Amino acid sequence: MQREHYTPLNLVPIVADSCAVEDAAYARKVTADSPAVDVMTDLRLVAAATIGPDLPLPAATQNMIQRGVRSLFVVDDTHAMLGLLCADQVLGEAPVKIATARGIPQAELTARDLMVAADRVEAVDMDDVMRSEVGHIAATLKRSGRHHLLVVQRNAAGKASVRGVFSATQIARQLGISMPSGTIAQTFADIEAALVA
């Protein structure tokens, strides 16, 4: 039953010199022992960055830039995950190799051509995440050699859905370290240094 009447909240004045604007990127500093969920992007709270499989590669790249993300979920019309498209694939040598092998211009490639198919994507379970700390996530990312780690959750019927994402960049930001524009090995070296500091 839905309520018909709601009482409005009280309005309070803002005093300009004593009211700061919170910055979510830096508000929640973490340590290696912080709960893992503190560094997870929860897709129940933040809309997933999704694209269709037939989106041309240049548009997919632009989509990443506009959204400020390094990966996109490739989904079908029912929102089922078909794969994952990461910046490393889009900006690496793969587009040149695939286009050359097919004898087509790179601009004709689509997200489907470069995505990692869903059945090849690994994830961690939300139940395990709830019992983990930031250090566990950093170790998992390092071992996998990836910038991102998906979190899946199963409903009562056993059907899985992607519940969240861990990003090495986000973890570093919340640890309070600046990210070098280098290799993933350097990224994890910096994260490890911050975790043991």
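Author: Two strands count as a pair if DSSP finds at least two bridges between them. Keep that in mind for this model, which is predicted.

Reader: Fine, so what makes strand 1 and strand 8 a pair?

Author: Strand 1 and strand 8 share three bridges, in the antiparallel sense. The rule asks for at least two, so with three bridges strand 1 and strand 8 pair. One spot to look at is Asp42, which stands opposite Gly164 in strand 8.

Reader: And how do you know that strand 7 pairs with strand 6 and with strand 8?

Author: Same test. Strand 6 (residues 123–125) and strand 7 run parallel and are joined by three bridges, with Ala123 opposite Leu150 in strand 7. Strand 7 and strand 8 (residues 160–167) are antiparallel over seven bridges, and there His148 stands opposite Ser167.

Reader: Why are strand 1 and strand 6 said to stand at the edges?

Author: The sheet is open, with four strands in the order 1-8-7-6 and mixed pairing. Strand 1 (40–42) and strand 6 each have a single partner strand, so one side of each has no neighbour in the sheet. From one strand to the next, the twist averages 35°.

Reader: What makes strand 7 mostly covered?

Author: Strand 7 covers residues 148–154, and five of its seven residues are buried; buried here means under 20% relative accessible area. Helix 7 (residues 134–144) lies across strand 6, strand 7 and strand 8, at about 115° to strand 7.

Reader: Why is the contact of Arg163 with Asp42 called a salt bridge?

Author: The closest N and O atoms of Arg163 and Asp42 are 2.9 Å apart. The cut-off is within 4 Å, from a side-chain nitrogen of Lys or Arg to a carboxyl oxygen of Asp or Glu, so Arg163 and Asp42 qualify. Arg163 is in strand 8 and Asp42 in strand 1, so the pair ties together parts 121 residues apart in sequence. Both Arg163 and Asp42 are buried.

Reader: How many salt bridges does a search of the whole structure find?

Author: Seven salt bridges turn up. Among them is Arg70 with Asp88, at 2.9 Å from N to O. Arg70 lies in the loop between helix 2 (57–67) and strand 3, while Asp88 belongs to helix 3 (residues 87–91), so parts 18 residues apart in sequence are tied together. Another one joins Arg102 and Asp113, at 2.8 Å from N to O. That pair links helix 4 (residues 94–102), which holds Arg102, to helix 5 (residues 111–114), which holds Asp113.

Reader: Why is Asp113 called partly exposed rather than buried?

Author: Buried needs under 20%, and Asp113 has 21% relative accessibility, so Asp113 counts as partly exposed. Arg102 at 46% gets that label too, as does Arg70 at 36%.

Reader: Then what makes His79 exposed?

Author: The exposed label takes over 50%, and His79 has 54%, so His79 is exposed. His79 sits in the loop between strand 3 (71–75) and strand 4 (81–86).

Conventions. Residues numbered from 1 in each chain as written. Predicted model: local features only at pLDDT ≥ 70, side-chain atom pairs only at ≥ 80, totals over all residues. Heavy atoms only, no water. Helix = DSSP H or I, 4+ residues; strand = E, 2+ residues; numbered from the N terminus. Buried < 20%, exposed > 50% of the residue type's maximum accessible area, 1.4 Å probe, protein only. Axes fitted to C-alpha atoms, helices over the stretch in contact; angles between N-to-C directions. Contact = heavy atoms within 4.5 Å.
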